[in-house]
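I opened a new page to record what I looked up in one protein structure. The entries follow the order in which I went through the model.

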Amino acid sequence: LMLASMLRAISNLGEQEQVPVARELDYVQNYVALQRLRFGAGLHLRLLVEGRDWADTLFMPPLTLITLVENVFKYGDLADPAAPARIEVWLGPGEVVFQTNNRKKTEPTAE
């Protein structure tokens, strides 16, 4: 269901210049949930969203946040419970603050 929701979101974005931040956050949360299923207990990641009440009133270009989140999974070391990756979003009046933090993988990423 999460994957279907993500695919629907992508197919509906073609002509939209701006989407509600709520939609972007839903997409990110579904992506992280799918990765949790994929990696199980080996995934050490914290996702924090504060100010969710603002998410329907703020807008941004579609698929902006997911690109940054995908980089965490591609280049980040997500296996160390002592140093979990973090994805943090703070929303406020007219403001979206997005931050990721992770250790870099020491081995090359398989393509």
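These are my notes, from the whole chain down to single residues.

**Entry 1: the whole chain**

I began by noting that this is a predicted model. I counted elements next, and the protein chain has three helices and seven strands. Along the sequence I read the pattern α-β-α-β-β-α-β-β-β-β. I then looked up burial: 32% of the 111 residues are buried. For the surface, I noted that the chain exposes about 7,000 Å². Carbon and sulfur atoms supply 53% of that area. For contacts with a separation of 6 or more, I found that 76% are between residues 24 or more positions apart.

**Entry 2: helix H2**

I listed the buried residues of H2, which include Val21, Leu25, Val28, Val32 and Gln35. Glu24 and Asn30 are also on that list.

I stopped at Gln35, which sits in helix H2. Is Gln35 buried or exposed? Its relative accessible area is 9%, and the cut-off for buried is under 20%, so Gln35 counts as buried. Leaving out residues up to four places away in sequence, I found Gln35 touching Gly40, Leu43 and Phe73. Gly40 follows H2 and has a positive phi, near 60°.

**Entry 3: helix H3**

I moved on to H3, which covers residues 64–75. Its 12 residues reach 18 Å from the first C-alpha to the last, close to the 16 Å expected at 1.5 Å a residue. Which residues of H3 are buried? I wrote down Leu65, Ile66, Val69, Val72 and Phe73. They cover an arc of only 110° around the axis, which means they lie on the same side of H3.

Helix H2 is part of the cover, and the strands in it include S2, S5 and S6. Strands S3 and S4 are also among the covering elements.

**Entry 4: the nonpolar core**

The largest nonpolar core has 23 residues. Which of them touch the most other members? I noted Leu25, Val32, Leu45, Val69, Phe73 and Leu91. H2, H3 and S5 are the elements that give two or more residues to this core. The largest share, seven residues, comes from H2. As a general point, nonpolar side chains tend to be buried together in soluble globular proteins.

I followed Val32 as an example. Apart from neighbours within four places in sequence, Val32 is in contact with Leu45, Leu47, Val69, Phe73 and Ile87.

**Entry 5: strand S5 and its partners**

I looked at S5 next and found it mostly covered, with six of its eight residues buried. S5 runs parallel to S2, and six bridges join the two. Leu47 has Ile87 in S5 as its bridge partner. S5 also pairs with S6, here in the antiparallel sense and over seven bridges. Leu91 has Val96 in S6 as its bridge partner. S5 and S6 form a hairpin with two residues between them. Gly94 in that turn has a positive phi of about 70°.

**Entry 6: Asp77**

I found Asp77 in strand S4. With a relative accessible area of 24%, Asp77 is partly exposed. I looked up its contacts, not counting residues up to four places away in sequence, and got Ala83, Arg103, Lys104 and Lys105. Asp77 and Leu43 are 34 residues apart along the chain, and their C-alpha atoms are separated by 9.2 Å.

**Entry 7: Leu63**

Leu63 is not a glycine, but its phi is positive, about 65°. I set this beside the general rule that most residues other than glycine have a negative phi. Leu63 is partly exposed, with a relative accessible area of 28%.

Key
Residues are numbered from 1 along each chain as its sequence is written. This is a predicted model: local features need pLDDT of at least 70, side-chain atom pairs count only at pLDDT 80 or more; totals for chains, interfaces and linings use all residues. Side-chain values use heavy atoms; hydrogens and water are left out. Helices (H or I, at least four residues) and strands (E, at least two) are DSSP runs, numbered from the N terminus. The expected span of a helix is 1.5 Å times one less than its number of residues. Buried means under 20% relative accessible area, exposed over 50%, partly exposed in between (1.4 Å probe, protein chains only). The arc is that of the directions from the helix axis to the C-beta atoms. Contact means heavy atoms within 4.5 Å. A nonpolar core is a set of buried Ala, Val, Leu, Ile, Met, Phe, Trp, Tyr and Cys residues joined through side-chain atoms within 4.5 Å. Accessible areas come from the Shrake-Rupley method with a 1.4 Å probe; for residues, only the protein chains shown count as cover. Two strands pair if DSSP finds at least two bridges between them.
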